[in-house]
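Open the model in your viewer and keep the selection panel at hand. The stops below say what to select next and what is there.

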Amino acid sequence: MQRIRIAFALLVLGAVGVGSALAIPAVGARSTTAKTVTINVTASEWKFKLSKSSVPVGTTVIFKVTNKGKIAHDFKINGKKTQLIKPGATKSVKVVFKKKGRLVYICTVTGHAKLGMQGKFSVGVAAVTTTTATTGTTTTGTTTVPTSCTTPTTTVNVRMHDFAFDLDKTSVPAGCIQFNITSVDEVHNFDLQGKHNGALLGGGQSESWNVQLAAGIYRYVCDVGQHQDFGMIGSLTVT
């Protein structure tokens with residue numbers, strides 16, 4: 001009987017020991033919980049404004065993008081992007097940031113990033129301070145004149161409407177060319193690619209600017225939305 005009692009006691013102690021061992025966490029183990037944050041993004045012509053521009057590595061971010069502009073935009077970062085956002089609407093995109101570094105965010109609508117809808121988002125590093133660079137142009141009212149060309153030798157009148165450009169001249173001699181541009185209906189711009197990017201003009205608005213052109217063929221487009229796809233492209237021949 002004594003032997004049975006001893007054996008039973010040892011069995012109980014062994015069970016307690018095993019249970020205690022199971023209750024002891026492994027050395028170095030720790031609980032990790034992925035953090036999720038919401039960042040509000042305001043889109044307009046031609047910029048984004050983020051409520052927060054940096055997060056730690058491992059953060060899941062929900063970018064809530066509101067379009068306060070007059071034309072459609074979207075928001076793309078780290079391979080993910082929103083649907084096209086109409087003026088006044090809001091769309092969201094969820095992104096998990098697993099690696100340290102700085103990522104570029106942009107509006108993917110043709111021409112919008114070039115007009116300023118882009119920036120850098122920091123993951124695990126210091127946020128980037130954005131500065132605005134000045135260009136070599138002089139602006140007065142609706143007239144923008146590159147300082148290198150002030151005396152026009154030829155004038156081209158440009159009429160913009162949905163969805164075409166009407167130029168009174170499609171071939172001009174080389175020299176200082178003045179472009180007089182008018183939008184008839186919706187918002188458009190006249191982007192003489194590589195030379196001058198005209199301002200956004202609403203219906204009834206106009207602007208004039210000069211640019212020095214050597215002989216060649218110059219492509220022009222409208223940067224707004226899908227206007228290029230609808231036919232707002234063309235070329236000017238300079239002889």
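Select His-112 and His-73: their side chains are joined by a polar contact of 3.0 Å. A polar contact here is a pair of N or O atoms within 3.5 Å; within protein, one must be able to donate a hydrogen and the other to accept it, and residues adjacent in sequence count only if both atoms are side-chain atoms. The model is predicted, and residues are numbered from 1 along each chain as its sequence is written. Local features need pLDDT of at least 70 and side-chain atom pairs pLDDT 80 or more, while totals for chains, interfaces and linings use all residues; side-chain values use heavy atoms, with hydrogens and water left out.

His-112 sits in the loop between β8 (101–106) and β9 (118–123). Strands (E, at least two residues) and helices (H or I, at least four) are DSSP runs, numbered from the N terminus. His-112 counts as buried because its relative accessibility is 0%. Buried means under 20% relative accessible area, exposed over 50%, and partly exposed in between (1.4 Å probe, protein chains only).

Now show the open sheet of five strands, β3-β9-β8-β5-β6, which has mixed pairing. Its edge strands, β3 (54–55) and β6 (80–81), each pair on one side only. Two strands pair if DSSP finds at least two bridges between them. β5 (residues 76–77) and β6 are antiparallel, with two bridges, and Lys-76 stands opposite Lys-81 in β6.

The term means a side-chain nitrogen of Lys or Arg within 4 Å of a carboxyl oxygen of Asp or Glu. Asp-74 is buried at 4% relative accessible area, whereas Lys-81 is partly exposed at 48%.

How many salt bridges does the structure hold? There are three. For another, select Asp-166 and Arg-159, whose closest N and O atoms are 3.1 Å apart. Then select Lys-169 and Asp-168, which meet at 3.6 Å, N to O.

Next, display the open sheet β14-β20-β19-β16-β17, five strands with mixed pairing. Here the edge strands are β14 (171–172) and β17 (196–197), each pairing on one side only. Six bridges join the antiparallel strands β19 (residues 216–221) and β20 (residues 233–238).

Finish at His-227, in the loop between β19 and β20. His-227 is buried, with 10% relative accessible area. Its contacts (heavy atoms within 4.5 Å) include Asp-162, Phe-163 and His-188, not counting residues up to four places away in sequence. His-227 and Phe-163 are 64 residues apart in sequence, yet 6.6 Å apart in space, C-alpha to C-alpha.
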